[in-house]
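Here is a short briefing on helix packing and aromatic pairs. Look over the model first, then read on.

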Amino acid sequence: MAKLASRYALALFQLAKEKNSLDSFYGQVKAMKEIMCSDEEIREFINNPKLSSEDKFKLFEGVFKGKAEPELLGFLSVIFNKNREKELDLIFRAFLEEVLEEKGIANAYVESAVPLKASQLEEIKTKLSRNLNKQIIIETKVSPELIGGVKITACGYVIDGTVRKGLNELKSRLLENRFA
C-alpha cells in the first residue's frame, strides 16, 4: 500500500506544482494531517467500515471548504471515491516529504532516552545538514526504553547509537557463541 500512497502523493505534488501552489498545498495538507493525527474521533470516523466514503468525504469537505484549495478538495474526493481514505496518512506524509525534497529540506527524527539539550540538537542538525547537503528540520521523541544514547533517522538512513541496540547486539553474540 505504501507504493500506492506514493503514487497518489506524487499526483498531488504535480498538481500543486502545476498550480504554483506548493507552499499553500503544503500548509493545508500539513494541517489536515495534524488534525487527523491529533483527533481520535476523526481517525475512527475515517476508518469506520460501516460509513460510506461519501459521508467521510462530506466531513472533510465541511471542515476544510473555504480553507483549502478547491483542487485539494477535488483530490480528496477522488481518494474517498476510490475507498483509499485509510491511506490518507501515508499519502499526506509522502506528499509532505516530496515538497521538502523539492525545497532541499529533510526531516530528521531524533529519539533519545532523555530530553536532549538545545546545543546537542544543534550539533546533530549541523552534522546532518553537512552530510546530507540539505536543510534539516528535527523532530524529537523521548523513549526511556532506549536506556541511553540516540537514534537518528533521516533520508532513509538510521544511525542507532542507543544502549538498547548495544545490549541487543551483545545478547545476539552471546547466544551465537553459546550454541556454536
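Are Tyr8 and Phe75 buried or exposed? Tyr8 is buried, and Phe75 is buried too; buried means under 20% relative accessible area, exposed over 50% and partly exposed in between, with a 1.4 Å probe and protein chains only. This is a predicted model, in which local features need pLDDT of at least 70, side-chain atom pairs count only at pLDDT 80 or more, and totals for chains, interfaces and linings use all residues. Residues are numbered from 1 along each chain as its sequence is written, and side-chain values use heavy atoms, with hydrogens and water left out.

**Aromatic pairs**

- The structure holds two aromatic pairs. Rings of Phe, Tyr and Trp (its six-membered ring) pair if their centres lie within 6.5 Å; planes under 30 degrees apart count as stacked, over 60 as edge-to-face and the rest as tilted.
- Tyr8 and Phe75 make an edge-to-face pair, at 6.4 Å centre to centre with 75° between the planes.
- This pair links distant parts of the chain: Tyr8 sits in helix H1 and Phe75 in helix H5, 67 residues apart. Helices (H or I, at least four residues) and strands (E, at least two) are DSSP runs, numbered from the N terminus.
- Phe57 and Phe80 make a tilted pair, at 5.9 Å centre to centre with 55° between the planes.
- Phe57 lies in helix H4 and Phe80 in helix H5, 23 residues apart, so this pair also links distant parts of the chain.
- Phe57 counts as buried because its relative accessibility is 13%. Phe80 counts as buried at 0%.

**Helix H1**

- H1 covers residues 2-18, and its 17 residues should span 24 Å at 1.5 Å a residue. The expected span is 1.5 Å times one less than the number of residues. The end C-alpha atoms of H1 are 24 Å apart, which agrees.
- Buried residues of H1 are Leu4, Ala5, Tyr8, Ala9, Leu12, Phe13 and Ala16.
- An α-helix has 3.6 residues a turn, so residues three or four places apart point the same way.
- The cover over the buried residues of H1 includes helix H2 (22-38), helix H5 (70-81) and helix H6 (88-102).
- Asn20 follows H1 and has a positive phi, near 55°.

- The axes of H2 and H3 come within 5 Å and cross at roughly 95°. Axes are lines fitted to C-alpha atoms, for helices over the stretch in contact, and angles run from 0 to 180 degrees between N-to-C directions.
- H2 and H3 are therefore roughly perpendicular. Angles under 35 degrees count as roughly parallel, over 145 as roughly antiparallel, 65 to 115 as roughly perpendicular and the rest as oblique.
- Ile35, Met36, Cys37 and Ser38 of H2 meet Glu40, Ile42, Arg43 and Ile46 of H3. Contact means heavy atoms within 4.5 Å.
- The axes of H3 (residues 40-47) and H4 (residues 53-64) come within 9 Å and cross at roughly 150°. H3 and H4 are therefore roughly antiparallel.
- Phe45, Ile46 and Asn47 of H3 meet Asp55, Lys56, Leu59 and Phe60 of H4.

**Ile79**

- Ile79 is in helix H5. Ile79 is buried, with a relative accessible area of 0%.
- Not counting residues up to four places away in sequence, Ile79 touches Tyr8, Arg84, Glu85, Leu88 and Ile91.
- Ile79 and Ser143 are 64 residues apart in sequence and 35 Å apart in space, C-alpha to C-alpha.
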